[in-house]
Amino acid sequence: MARKLLLEHINVPGINTLDVYREKGGYRAVEKALKTLTPDDVVEEVKKSGLRGRGGAGFPTGMKWSFLAKPEGVPRYLVCNADESEPGTFKDRYLMTHIPHALIEGMIVASFALGAKTSYIYVRGEMMPQIRILEKAIAEAKNAGFLGKNILGSGYDLELYVQPGGGAYICGEETALLESLEGKRGNPRIKPPFPAIAGLYGCPTVVNNVESIAAVVPIINDGGDEYAKLGIGRSTGTKLISASGNLVRPGVYEIELGLSVEEFIYSDEWCGGIANGKRLKATVAGGSSVPILPANLSLKLANGEPRLMSYESLSEGGFATGTMMGSGGFIAFDEDQCIVRNTWNFSRFYHHESCGQCSPCREGTGWMEKVLHRLEYGHGKMSDIDLLVDVAKKIEGNTICPLGDAAAWPVASAIRHFRDEFEWHVKEPIKSLDTNYGLANYAEPIAKAVTTEN
Amino acid sequence: MSDKVKVTIDGITVEVAPGTSILNAARQIGGDIVPPAMCYYSKLEGSGGKCRTCIVKVSKGSEKDPRPMPKLVASCRTTVMDGMEVMNITSPEVIEARSGVVEMLLINHPLDCPVCDQAGECDLQNLGYEHGLQKTRYEFERRTFERIDIGDKIQLHMNRCILCYRCVFTADQITNKRVHGILNRGDHSEISTYIQTAVDNDFSGNMIDVCPVGALTDKTFRFRNRVWFTKPIDAHRDCPTCSGKVTLWYKGEDVLRVTARKDIYGEVEEFICNTCRFDKKKTADWVIEHPTVISDTSVIASNHYDTLKPLPVIQPNLKLQQANKVELEKTTKF
């Protein structure tokens, strides 16, 4: 059984209350950090742990913390990004629903490390139940003396607020989140300056994902070195994966990084294989923004070695044969799923969620969506496929925030790996409306490996 | 440390003050290497970075850190570093990306230049000529909006808008109260007022001047004339609210419209008030200075009103000179 850090006590009844959480060793990290460590020690521990941002980009959290500017007389802020709205990702919601104190404990320790006296949890607007859960948990923690003035007699003050967002995907981008938190329209800011220099209200700010902050708790409890022993290479620790799609047992799993993709999909400990005895066609490894991969490349690297669930292994081969860890939204597609339809669906999402600030993303996402819609509904032309590649290329890298890239990558990668399916949609417009292209050759080179493994 | 930093743009080195943006450094050099800018407006704080037409490649970050920047950057919002090397028109990557941006800007633009009042002084039109394709690859219906009147002097054609946010910044920074902004998001975002309140402010007319396209038009000038048939003359008056320095656009002896004076990048020199802009349309209201200097490349200059000499065929021919008398006189009138 794999080691669990975040979800260890997830099935304990009443773990969402302070008492049970305390019984299971909760708030030890706060006591340890505030009583025995200095803020710099905490940052050092997180650096040693090698924890990488769990929100998508995978930037080392300790490094991010050490970049925070510390001018005299200016407040610093910690903001927790709980605006999880990537299609395929639902790990933060699960964590906040079932074990809210893990996040609050992490927030206290992280705020202490950064010297923030006020911290915010920016929760996506649709997650109203989670907002109530968090507010209740904060009230509990405050009553117990873990928040407010002079926490545990250490002289450290912290106020923690929950801020509901308006439910826009773009507000998950850190600078748009800060704009929204300030009460403005959630448009991403132009960087530089980065939030570490001028963030919330122009003050130095760190924005971290829910899972990154919750992961600080085990790091402080057991020490950064202990945490770094888990995982593989530069991908240390454990990661929550939201598995969805045609799996026997979809759900949120905590895996140790370095688990092979094949084991994750087919092992009974994890997803238990593809539902209804069908075969795997494709996977999206890290939420809708990352490139989609056909089954053969999902399970194996281009050189035939097994692909692992880690930042490095998933991105092995660049965009030609690789993908990204992203936020851990693992979506599996079986042989009856239509890649064109799925690409259109993703594209529709990005079209709807583009903030409309910079031109390539505003206009390009709508254009791609319309072309993909045409392809899916049998009005496409052969030239549309190259047009999509070209439009995706013109969006990618030319936008203010990563939403443009996130919109372009799924389209570009789907065409890169599934071009014959797109062509089939053009050649067989009527047939493509009610039948699917099927598995074709997308799983071929490794079909044997799948059977021998299980 | 010296107080100037050296930056090389397309092989031309210039020394600028630290904190200058690449775009402004390029403007100090001038000429063809200046990246086009649709949303950046030097007079408006915080503008820029949105339209992405000014993107350039930074092939060398600085003297200290010579690594190139990984992506193309918006030159209007990237500050220069000492020893930075920038490629604009010498980089095929930039040219391609820019034509991509222009294409994106045009796919939802109605291209109704023949009936648009901005035609002839439209930044998007110029940009389209320089970087656009001959033909559109966009085969879908363009997004459309209803025209709305914001106030009695300004009409908003949202179809033509490229969402540069200039008018929003203008209202924010030079008027006391902004009543319009961006509603919705993505490609259905629109400039609008909240429940169609009128934009009513002494300086609201400047929104028309800063608009790079024909989205905000002067209702007192709408459909009165094509801009290239009118002749710009710099003039001033003693105005209690603004500097009173304007450009009058004449057709014959009538002032058809009044705008602020614009520099070679199409940016106004000084914002003017609505009284000057909308209400003072008689020559008697103004002290005439001289014909406005218009760039040779502008379609407005094609009238050659200040340099027009009789064409070579006309010069030796008295009969032809007689026939063109009215036209020639008109050009020498001012």
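Residues are numbered from 1 along each chain as its sequence is written, and chains are lettered from A in the order in which they are written. In this predicted model, local features need pLDDT of at least 70 and side-chain atom pairs count only at pLDDT 80 or more, while totals for chains, interfaces and linings use all residues.

**View 1. Helices H2 and H6 of chain A.** Helix H2 (residues 28–36) of chain A and helix H6 (residues 100–114) of chain A have axes that come within 9 Å and cross at roughly 15°; helices are DSSP runs of H or I with at least four residues, and strands are runs of E with at least two, numbered from the N terminus. Axes are lines fitted to C-alpha atoms, for helices over the stretch in contact, and angles run from 0 to 180 degrees between N-to-C directions. H2(A) and H6(A) are therefore roughly parallel to each other, a term for angles under 35 degrees. The contact is made by Ala29(A), Val30(A), Ala33(A) and Leu34(A) of H2(A), together with Glu105(A), Ile108(A), Val109(A) and Phe112(A) of H6(A), where two residues are in contact if their C-beta atoms, placed from the backbone, lie within 7 Å. By class, this contact of H2(A) with H6(A) has 7 nonpolar, no polar and 1 charged residues; Ala, Val, Leu, Ile, Met, Phe, Trp, Tyr, Cys and Pro count as nonpolar, Asp, Glu, Lys and Arg as charged, and the others, Gly among them, as polar.

**View 2. Domains 1 and 2 of chain A.** The domain assignment, which is automatic or from a database, divides chain A into domain 1 (18–229), domain 2 (234–334) and domain 3 (339–434). The centres of domain 1 and domain 2 of chain A, taken over C-alpha atoms, are separated by 27 Å, and their contact takes 20 residues from domain 1 and 20 residues from domain 2. On the side of domain 1 of chain A that touches domain 2 of chain A, helix H5 (91–98), helix H9 (210–222) and helix H10 (224–229) of chain A each supply at least two residues, and H5(A) gives the most, with 3 residues.

**View 3. The buried residues of helix H5 of chain A.** In H5(A), the buried residues are Lys91(A), Asp92(A), Arg93(A), Leu95(A) and Met96(A); a residue is buried if 20 or more other C-beta atoms lie within 10 Å of its own. What covers these residues includes strand E1 (77–82), helix H7 (128–143) and strand E7 (238–245) of chain A.

**View 4. Leu314 of chain A.** Leu314(A) lies in helix H13 (residues 311–314) of chain A, and with 26 C-beta neighbours inside 10 Å, Leu314(A) counts as buried. Leaving out residues up to four places away in sequence, Leu314(A) touches several residues, among them Ala285(A), Arg307(A), Met309(A) and Met324(A).

View 5. Chain B has 8 helices and 14 strands, and it is divided into domain 1 (5–97) and domain 2 (224–303), with C-alpha centres 32 Å apart. In chain B, 25 residues are in contact with 23 residues of chain A, and helix H2 (residues 92–107) of chain B gives the most to the side of chain B that touches chain A, with 6 residues. By class, that side of chain B has 13 nonpolar, 5 polar and 7 charged residues.

Technical notes
Parallel < 35°, antiparallel > 145°, perpendicular 65-115°, else oblique. Buried ≥ 20, exposed ≤ 12 C-beta atoms within 10 Å, placed from the backbone.
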